[in-house]
Amino acid sequence: MENKTEEDKVSIIKVSALTCIDLDNSNLHQSAVLLKQACLDSGFFYVINHGISEELKDEAFEQSKKFFALPLEEKMKVLRNEKYRGYAPFHDSLLDPKNQFRGDYKEGFTIGFEGGKDGPHGDKPFHSPNIWPNSDVLPGWRETMEKYYQEALRVCKSIARIMALALDLDVDYFNTPEMLGNPIADMVLFHYEGKSDPSKGIYACGAHSDFGMMSLLATDGVMGLQICKDKDVMPQKWEYIPSLKGAYIVNLGDLLERWNNGYFKSTLHRVLGNGQDRYSIPFFLKPSHDCIIECLPNCQSENNLPKYPAIKCSTYISPRYKAAHAHLKQT
């Protein structure tokens, strides 16, 4: 038996038990109590009875696999643009430069909130028409992804209603044009390969917290996602998050942490590859470009002053995107 390294010792990992939020529960206040506790505990939870059919989810994964199985030259025809839409090759993003030897061992494809160049939001940095693979190569691909995207957005908005109640706000607090009316919402198809080795800085996806308000994650059941509930405690303790059939995994992002003054924290997470191909479809919800993220009135007091200055949503997330790709300019 091999001797365990110090890295192995700190990464002896248990499987985390997460709270389940039933989106079909008519008692939203009851759901809000559960969600509040989940947010205080780990910032991760499951949602069930969300209304997305297993057939649609399975079709989205099948179509995703078909895309990633294409020859590289075909995938490069839809290489991501300056608004981060389209195909991102392996190692395109590097999320944990202190600990990663090179970029993430994953490839992706990003689909965003559709907005024409001549529309009211066409000049926004994160709104643009999407890039789509050739329909002759992947028939039905775009239609499946557009349908799944709308369903994921609907679920996120349902969660936002419960989140508002958990923060002692009106149930429709986030449901305004300037907040979630024209969101920066990205759905990303991911394909992970290879075996991770933290001792060598090799990760399927480096440790990070998400930029936005919340993320809705569907996986193919292959283990890999880990969370660190307290990033400031050393050595860090990592726990696996298992897939739950019929459920989606939800986690909080940094913008929501700023909004609620650090009451609910966004949680550090990463993906370790075990040699198996792994597919996932996260949906990242952020508010509208011009939404001002500032401490909610009921999350501050004389003894608990705002910890973060007010900032426009797009102003906050733009440098986060650039930082994740800064290594590409150095190579």
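Colleague: Is glutamate 151 buried, partly exposed or exposed?
Modeller: In this predicted model, glutamate 151 counts as partly exposed, at 21% relative accessibility. Buried would require a value under 20%.

Colleague: Which residue forms a salt bridge with glutamate 151?
Modeller: Arginine 154 does, and the closest N and O atoms of the pair are 3.1 Å apart. Arginine 154 is itself partly exposed, with a relative accessible area of 32%.

Colleague: How are arginine 154 and glutamate 151 placed in helix α5?
Modeller: Helix α5 covers residues 141–166, and the two residues are three positions apart in it, so about one helical turn separates them.

Colleague: How many salt bridges does a search of the whole structure find?
Modeller: The search finds twelve. One of them joins the side chains of glutamate 107 and lysine 75, at 3.0 Å from N to O.

Colleague: Which parts of the chain does the pair of glutamate 107 and lysine 75 tie together?
Modeller: Glutamate 107 belongs to strand β5 (residues 106–111) and lysine 75 to helix α4 (residues 72–75), so the bridge ties together parts that are 32 residues apart in sequence.

Colleague: And is lysine 75 buried or exposed?
Modeller: Lysine 75 is buried, with a relative accessible area of 6%. Glutamate 107 counts as buried too, at 2% relative accessibility.

Colleague: What about aspartate 186; which side chain does it meet in a salt bridge?
Modeller: Aspartate 186 meets lysine 286, with an N to O distance of 3.3 Å. This pair links distant parts of the chain, 100 residues apart: aspartate 186 is in strand β6 (residues 183–192) and lysine 286 is in strand β13 (residues 278–288).

Colleague: Where does lysine 286 stand, buried or exposed?
Modeller: Lysine 286 counts as buried at 3% relative accessibility, and aspartate 186 counts as buried at 6%.

Colleague: Which residues are linked in a network of salt bridges?
Modeller: Such a network links Asp41, Lys229 and Glu239.

Colleague: Changing topic: where does phenylalanine 68 lie?
Modeller: Phenylalanine 68 lies in helix α3, which comprises residues 54–68. The residue is buried, with a relative accessible area of 5%.

Colleague: Which residues does phenylalanine 68 touch, leaving aside those up to four places away in sequence?
Modeller: Its contacts include Lys75 and Glu107, the two residues whose side chains meet in a salt bridge. Phenylalanine 68 also touches Tyr87, Gly108, Phe109, Leu189, Phe190, His191 and Tyr279.

Colleague: Now the whole chain. How many helices and strands are there?
Modeller: The chain contains nine helices and 15 strands. Of its contacts with a separation of 6 or more, 79% are between residues 24 or more positions apart.

Colleague: Why does the radius of gyration agree with a compact globule?
Modeller: A compact globule of 331 residues would have a radius of gyration near 20 Å, and the chain has 19 Å, so the values agree. The C-alpha trace spans about 60 × 55 × 40 Å along its principal axes.

Colleague: What share of the 331 residues is buried?
Modeller: Buried residues make up 53%. The chain exposes about 15700 Å², of which carbon and sulfur atoms supply 52%.

Colleague: Lastly, how many positive and negative side chains are there?
Modeller: There are 38 positive and 44 negative side chains, and the centres of the two sets are 4 Å apart.

Note on methods:
Residues numbered from 1 in each chain as written. Predicted model: local features only at pLDDT ≥ 70, side-chain atom pairs only at ≥ 80, totals over all residues. Heavy atoms only, no water. Helix = DSSP H or I, 4+ residues; strand = E, 2+ residues; numbered from the N terminus. Rg over C-alpha atoms; globule rule 2.2 N^0.38 Å. Buried < 20%, exposed > 50% of the residue type's maximum accessible area, 1.4 Å probe, protein only. Contact = heavy atoms within 4.5 Å. Areas by Shrake-Rupley, 256 points an atom, 1.4 Å probe, with all protein chains shown as cover. Lys, Arg positive; Asp, Glu negative; His and termini not counted. Charge placed at Lys NZ, Arg CZ, Asp CG, Glu CD. Salt bridge = Lys/Arg side-chain N within 4 Å of Asp/Glu carboxyl O.
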